[in-house]
Amino acid sequence: MKMMLGVAEDEDKWLAEGIAGIQHNAFYMHRSLDSNNLREALKYSAQMLSELRTSKLSPHKYYDLYMRAFDELRKLEIFFKDESRHGVSVIDLYELVQHAGNILPRLYLLCTVGSVYIKTKEVPAKDVLKDLVEMCRGVQHPIRGLFLRSYLAQVSRDKLPDIGSEYEGGDDTVMDAVEFVLQNFTEMNKLWVRMQHQGPGRAREKQEKERSELRDLVGKNLHVLSQIEGVDLEMYKDTVLPRVLEQVVNCKDELAQYYLMDCIIQVFPDEYHLQTLETLLGACPQLLPTVDIKTVLSQLMDRLSNYAASSTELLPEFLQVEAFAKLSNAIGKVIEAQVDMPIVGAISLYVSLLTFTLRVHPDRLDYVDQILGACVKKLSSIPKLEDARATKQVVALLSAPLDKYNDIVTALTLSNYPRVMDHLDNGTNKVMAMVIIQSIMKNNTCISTADKVEVLFELIKGLIKDLDGTASDELDEEDFKEEQNSVARLIHMLYNDEPEEMLKIISTVRKHILIGGPKRLPFTVPSLVFIALRLVRQLQAQDGDLVGGEVPTTPKEIFQLLNQTIEALSSVPSPELALRLYLQCAEAANDCDLEHVAYDFFTQAFILYEEEIADSKSQVTAIHLIIGSLQRMNVFGVENRDTLTHKATGYSAKLLKKPDQCRAVYACSHLFWVDDQDDIKDGERVLLCLKRALRIANAAQQMASVARGSSGPVTLFVEILNKYLYFFEKGNPQITSAAIQGLIELIHTEMQSDSTTSSPPSDAFFSSTIRYIQFQKQKGGAIGEKYESVKV
C-alpha cells in the first residue's frame with residue numbers, strides 16, 4: 001500500500017512538472033505568436049510538445065498532460081491559418097515543421113500544419129492524409145503513439161474526402177477516406193495491444209486497467225467510419241467489415257477482441273448487421289476462448305430483435321437472410337470451439353437466441369423447440385444442475401415462452417420443454433412448476449385434451465410426487481400447502497365439453513395424483529372427485545352414456561372409479577375428508593337415480609364413522625353431515641332409507657356429550673319429514689325424535705346440576721322449542737299447540753329455578769322465539785290461527 005501511495009505521489013509530481021513545462025513554453029510561444037515570429041513560435045511549441053515524450057505517467061495522467069498540449073495546439077493552428085501574420089506559405093510551412101529536432105513534437109506539428117494544408121485545397125486531402133498516417137509510424141511507443149494518432153484522427157475527421165464534403169476528390173474519394181481511417185485504426189490497435197507487454201514487472205491487473213482506460217481512443221476510429229456518408233452497405237460488406245474483423249481476429253488479445261466486437265455492433269447500423277450476419281458471426285469462433293463472446297452475441301441479437309420490432313415490414317428481410325439459422329449455427333460453433341466455456345455461458349446464449357426468436361419469429365414454434373433441444377444436448381452430460389447461475393438461466397429459458405404466449409398450451413406442444421426441466425434440481429423444478437401453474441391461472445387457460453394433461457403433469461411432477469427419494473416430510477409446511485393447493489386449483493382448469501375426452505383427462509389425472517403419497521392426497525383428491533362429479537352431472541343432463549373407448553363409459557362406472565379413489569384417501573388416513581367426499585358422491589348418485597350406488601357411498605361413510613373417526617368433535621361434525629346429506633336424498637326405497645336413518649339416529653344418541661347428543665337427535669327429526677317428498681312425512685317419528693331430544697336435554701341439565709351445583713342455561717330447550725315450531729308450521733299433526741305450550745312453560749320454570757344459571761344469550765334467544773310467536777299471532781292467516789291457543 002505504501003509503495004502504491006509512493007508511485008501515485010511521484011506521478012502527481014511528474015504531471016505537475018510536465019504541465020509546468022507546457023505552460024512555460026506555451027507562454028513564450030504565445031509571445032512569439034503575438035510578435036508574428038514564426039521560428040521562435042515553432043521552437044517553443046516543439047519544446048512544449050517535448051513534454052509529451054515522458055514515459056513516467058499512467059494513461060490517465062498522460063491524458064491530462066495531453067489535453068493541456070492539445071489546447072495550445074488549437075491556438076497554434078489558428079496562427080498557421082493566417083499566412084499574413086507569419087509570411088510563409090502553407091506548403092513551405094508543411095516542409096518547415098518537418099525539420100523539428102525530435103520526432104514526437106515534429107509529428108504533432110506536422111499534423112497541425114497538415115490540417116491547415118488540407119483546408120487550403122492546394123493539394124488533394126487524400127495525399128496529405130496518407131502522408132500523415134504513414135509518418136506517424138515513426139512513434140512506436142504505445143501510449144505516446146496512441147495519443148499522437150488520436151490527435152491525427154481528431155484534426156482530420158472533418159476533412160475526410162467523403163461524398164458531399166468540400167474535400168471530395170475523384171471517383172475513389174470515399175475509398176481514400178475509408179483507407180485512411182482503417183489504416184489509422186489498425187496502427188492504433190497494434191499499439192494498444194502492445195501495451196500489455198510494455199515495462200518489466202508490471203502487474204497484469206494494472207496493465208489491463210490502463211489499457212481499458214485507452215480503449216475509446218481506438219474505438220473512435222470505428223465511430224468515424226460509421227459516420228462516413230459514402231460507406232454504403234456494399235462498401236461495408238466488401239471492405240470495411242472484413243478489414244476490421246481481420247484486425248480483430250489477428251490481434252489475439254482478449255480485451256481488444258471483446259471491445260472491438262462490441263464497438264462494431266454498437267456503431268454500425270442494424271440493417272448492415274442483418275445483411276452481413278454470416279461474415280460477422282464467422283469471426284466469433286475464431287476469437288480467443290476467454291473472450292466473453294456470449295455478451296457480444298447477446299447484444300447483437302438484442303439489437304436485431306429491436307430492429308425487427310421497429311417495423312413489421314422488416315420480417316421478410318430476416319427470413320431472406322435466414323437470420324435464425326445463421327445465429328443458431330454460430331452459437332453452436334462458438335460453444336463447440338470454446339470447450340472450456342462454463343455451462344452458464346452456453347445456456348445464456350440459448351436464452352438470448354430464444355429471446356430473439358420469440359420477438360422476430362413468434363409463430364415459429366419449431367425454432368423454439370430447436371433451441372430447447374440444443375440446450376438439452378448441452379446439458380446431457382449433467383444429470384442435475386448445481387450451478388446457481390446456470391439454473392437461473394434455465395429458468396429464464398423455460399419462462400420465456402410462457403411470458404410470450406401467455407398460454408401454457410403452446411408450451412405443451414414443445415417436445416423438448418420437459419426434457420430441459422428434467423435437468424433442474426428438485427427445488428428449482430418445483431419453482432418452475434409453480435410458474436407454469438401460475439401462468440395457467442393468470443391467463444385462465446383451459447387444458448382440454450388428455451395428451452396435453454399428460455405432458456403438463458410430467459412438467460409439474462416435482463409438485464405431485466417425491467423426486468429422487470426426497471420425502472415430503474422434509475419440506476417446509478407452508479410451502480408444501482401452497483404447492484398442493486396450486487395443484488388442486490390446476491385440476492379445475494382441466495375441461496373438455498366432450499364427455500369421452502373429459503373422462504380420459506380424469507383418468508390421466510388420477511393416475512398421476514395417486515402416486516403422490518399420503519401427504520398430498522388430501523389436497524388433490526377432492527379436486528379430482530369434483531371434476532368427476534361435474535362429468536357425472538353433465539352425463540345425467542344428457543341422459544346418456546359415453547360411447548366407445550376402453551375407459552369407464554357410464555355414470556355408474558365413474559362412481560366405481562371415485563369409490564376406489566376416495567378409498568385411497570381414507571387409508572392415508574384422512575377419514576373426515578373421505579367421509580365428506582363419499583357424501584358428495586352419494587348426492588350425485590341420487591341425482592342420477594342410482595339407489596344402490598348412493599347406498600354404497602353412505603355405507604362407506606358410516607364405516608369410516610365407526611372405525612376411523614374417534615375424536616368427539618369430529619364425530620359431531622360427521623354425524624351432522626350425514627344427517628344433512630341423508631335428508632336431501634330421494635332415491636332410496638323404504639327399506640334402505642329406514643336402515644340409514646336408523647343408523648344415523650343411533651349414532652346421534654351415542655355421542656359423548658349430552659348437548660351434542662341432543663342436537664344430533666333433534667336434527668334427525670328432519671329425516672322423517674321432508675317438505676318436497678310426500679312419502680317422507682312421518683309425524684309420529686318426528687315427535688319421537690323431539691321427545692327423545694327433550695329427555696337428553698333434561699338429563700344434561702341434571703348432570704350439570706350434580707357436577708357443578710347449577711343446571712346451566714336453557715339453550716337446548718329453546719332450540720328444541722324452535723324445532724317444535726318448525727314442524728308445527730309445516731303441518732305435522734303430532735306437534736300440537738298444547739305440546740308447544742307445555743314446552744314454553746317448562747322453559748319458564750327452568751329459567752325461574754334457583755339452580756339454573758342465567759345466560760344472556762339463552763335469555764335473548766328465548767325472548768326472540770316468544771316475539772316470533774306473538775308476531776305470527778298478530779299477523780293472522782292460517783299460521784296465526786294455529787298459534788291462537790298458545791299463551792305467551
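Visitor: Is Lys730 buried or partly exposed?
Guide: Lys730 is partly exposed, because its relative accessible area is 38%. Buried means under 20% relative accessible area, exposed over 50%, and partly exposed in between (1.4 Å probe, protein chains only). This is a predicted model: local features need pLDDT of at least 70, side-chain atom pairs count only at pLDDT 80 or more, and totals for chains, interfaces and linings use all residues. Residues are numbered from 1 along each chain as its sequence is written, and side-chain values use heavy atoms, with hydrogens and water left out.
Visitor: Which residue does Lys730 meet in a salt bridge?
Guide: Asp675, at 3.1 Å from N to O. A salt bridge here is a side-chain nitrogen of Lys or Arg within 4 Å of a carboxyl oxygen of Asp or Glu.
Visitor: And how exposed is Asp675?
Guide: Asp675 counts as partly exposed, because its relative accessibility is 38%.
Visitor: How many salt bridges are there by this rule?
Guide: The count comes to 27. One of them pairs Lys159 with Asp158, the closest N and O atoms being 2.9 Å apart. Lys159 is buried at 4% relative accessibility, whereas Asp158 is partly exposed at 49%.
Visitor: New topic. How many helices and strands does the protein chain have?
Guide: The protein chain has 40 helices and zero strands. Helices (H or I, at least four residues) and strands (E, at least two) are DSSP runs, numbered from the N terminus.
Visitor: What does the C-alpha trace span?
Guide: About 140 × 65 × 55 Å along the principal axes of the protein chain.
Visitor: How much of the chain is buried?
Guide: Buried residues make up 51% of the 792 residues.
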